Amino acid sequence: MKKELIFPENSLLSATAITKHMDSDSNPPLHEAYEMLLNKTRNSNEQSGCDDDKVVVVVVEDTELAVINVRHLAESDEVRREKCKSEIAKASEEWGFFQIVNHGISNDVFSGLRVEREKIFQQTFEKKSKENTFFNFSADSYSWGAPSATCIRQLSWSEAFHIPLTDILGSSESNTFSSTIKEFATEVSTLAKTLADILAEKMGQKCSLFEENCLPSSCYFRLNRYPPCPLASEIHGLQPHTDSSFLTILHQDEVGGLQIMKDGKWIAVKPNPDALLIIIGDLFQAWSNGVYKSLQHRVVTNPRLERFSMAYFFCPSNDTVIRSCTEKSEYRNFSFGEYMQEVRDDVQKLGYKIGLPKFLIR
């Protein structure tokens with residue numbers, strides 16, 4: 001089913017109207033960021049003579065991603081095991097996204113995470129944005145909007161805690177948040193390594209890359225919240241991007257909003273509350289020399305409902321060198337630390353990530 005969304009590039013909805021949807025002291029000042037960028041865009045357009053009334057047409061298709069029952073990986077039936085592995089590799093090649101069920105992580109763990117997530121996001125914005133307020137998280141763990149945005153299209157109507165797992169696993173504090181994350185990290189780390197090893201096997205590789213370099217201490221956990229947005233037709237919940245990890249394991253609620261860019265069209269992913277969403281990241285695309293696809297994706301906003309998601313990023317240590325597993329590679333060798341520094345620099349300078357194209361061999 002296709003939907004056509006037509007909207008002006010720069011709505012003149014006032015900050016006052018936005019504030020009605022953001023009346024809690026726990027919400028970040030997204031309306032102020034919007035107003036600032038709107039004024040900046042107006043001034044820029046006046047100086048350049050640009051037309052403010054251009055219309056953007058976005059075509060969106062709905063789809064249900066492949067759902068793979070990974071319980072078959074533990075069966076004694078070799079035919080079923082191999083079929084399951086082939087389904088994982090095929091989905092990674094064609095879509096870079098797939099869903100898994102019967103993954104072994106209990107509902108109790110996710111229930112616990114939801115409770116802790118609600119507690120942390122309900123704190124005041126002042127407390128959330130203050131360094132070292134929560135469990136000695138690293139500086140800049142909390143983020144909102146898009147501090148480096150240069151235009152409205154780069155503003156993300158969301159807030160997040162992006163937490164290095166080393167902050168949790170290395171902490172001596174005893175609290176329900178830390179214990180819940182530790183339990184989740186243990187289970188999801190095993191799942192991520194299993195999937196990564198299968199993808200390597202299907203490339204004809206038997207390697208220790210993931211076992212030696214993708215340790216729980218080098219991975220990240222992210223809590224996302226997308227408040228209701230009265231400008232849902234023109235502001236992203238999360239701007240288009242690819243993930244910089246090997247794999248992302250995403251748990252999302254039933255509100256929906258995730259979209260994938262494929263074949264020049266945005267594909268809306270129907271949420272499946274019983275499944276985990278697996279996303280192929282940039283590192284796997286580089287390592288597989290483009291066999292596995294790291295596709296651009298985004299989150300669109302909702303005018304009435306808030307949306308939540310939780311993501312685990314399967315990453316190596318910063319000094320891990322990413323090199324193609326094939327003889328002739330489209331990408332030069334690079335360390336993960338080098339890659340992430342390039343991403344940070346681009347976001348700071350441009351307001352968005354460039355990513356893998358900067359590492360192509362010309």
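**Figure 1. Here is the main nonpolar core, 80 residues in its largest set, with Phe246, Phe284 and Phe314 touching the most other members.** A nonpolar core here is a set of buried Ala, Val, Leu, Ile, Met, Phe, Trp, Tyr and Cys residues joined through side-chain atoms within 4.5 Å. Helix α7 (residues 176-202) hands over the largest share of this core, twelve residues. Apart from this core lies another one, of twelve residues, including Ala33, Leu37, Ile152 and Leu231. Buried means under 20% relative accessible area, exposed over 50%, and partly exposed in between (1.4 Å probe, protein chains only). In soluble globular proteins, nonpolar side chains tend to be buried together. Leaving aside neighbours within four places in sequence, Phe314 is in contact with Ala192, Lys193, Ala196, Phe210, Cys214, Cys219, Ser245, Phe246 and Leu247; contact means heavy atoms within 4.5 Å.

A word on the model: it is predicted, so local features need pLDDT of at least 70 and side-chain atom pairs count only at pLDDT 80 or more, while totals for chains, interfaces and linings use all residues. Residues are numbered from 1 along each chain as its sequence is written, and side-chain values use heavy atoms, with hydrogens and water left out.

**Figure 2. The whole protein comes with ten helices and 16 strands.** Helices (H or I, at least four residues) and strands (E, at least two) are DSSP runs, numbered from the N terminus. Of the 362 residues, 51% count as buried. Among contacts with a separation of 6 or more, 79% come from residues 24 or more positions apart.

**Figure 3. Phe121 and Phe308 make a tilted aromatic pair.** A search of the whole structure turns up 17 aromatic pairs. In this one, the ring centres are 6.1 Å apart and the planes are at 45°. Rings of Phe, Tyr and Trp (its six-membered ring) pair if their centres lie within 6.5 Å, and planes under 30 degrees apart count as stacked, over 60 as edge-to-face and the rest as tilted. Phe121 lies in helix α4 (residues 107-121) and Phe308 in strand β14 (residues 307-314), so the pair ties together parts that are 187 residues apart in sequence. Phe121 and Phe308 are both buried. They also belong to one aromatic cluster with Phe125, Tyr142, Trp144 and Phe161.

Figure 4. Phe210 sits in helix α8 (residues 209-213) and Phe246 in the loop between β8 (236-241) and β9 (247-252), so parts 36 residues apart in sequence are tied together by the pair. Both Phe210 and Phe246 are buried.

**Figure 5. Two tryptophan rings each have a charge over them: Lys262 over Trp95, and Arg298 over Trp266.** The charged end of Lys262 is 5.0 Å from the centre of the Trp95 ring. For Arg298, the distance to the ring centre of Trp266 is 4.1 Å. A charge sits over a ring if NZ of Lys or CZ of Arg is within 6 Å of the ring centre and within 35 degrees of the ring normal.

**Figure 6. Helix α3 (residues 78-94) crosses α7 at roughly 85°.** The two axes come within 9 Å; axes are lines fitted to C-alpha atoms, for helices over the stretch in contact, and angles run from 0 to 180 degrees between N-to-C directions. The helices α3 and α7 are therefore roughly perpendicular to each other, given that angles under 35 degrees count as roughly parallel, over 145 as roughly antiparallel, 65 to 115 as roughly perpendicular and the rest as oblique. On the α3 side, Glu82, Lys85, Ser86, Ile88, Ala89 and Ser92 meet Leu195, Ile198, Leu199, Glu201 and Lys202 of α7.

**Figure 7. Glu116 is a buried residue of the α4 helix.** Its relative accessible area is 9%. Not counting residues up to four places away in sequence, Glu116 touches Thr176, Phe177 and Thr180. Glu116 and Ser178, 62 residues apart in sequence, are 9.4 Å apart from C-alpha to C-alpha.

**Figure 8. Asn102 and Asn289 both have a positive phi, about 55° for Asn102 and near 60° for Asn289.** Most residues other than glycine have a negative phi. Asn102 is in the loop between β4 (97-101) and α4, and at 36% relative accessibility Asn102 counts as partly exposed. Asn289 is in the loop between α9 (282-287) and β13 (297-300), and counts as buried at 15%.
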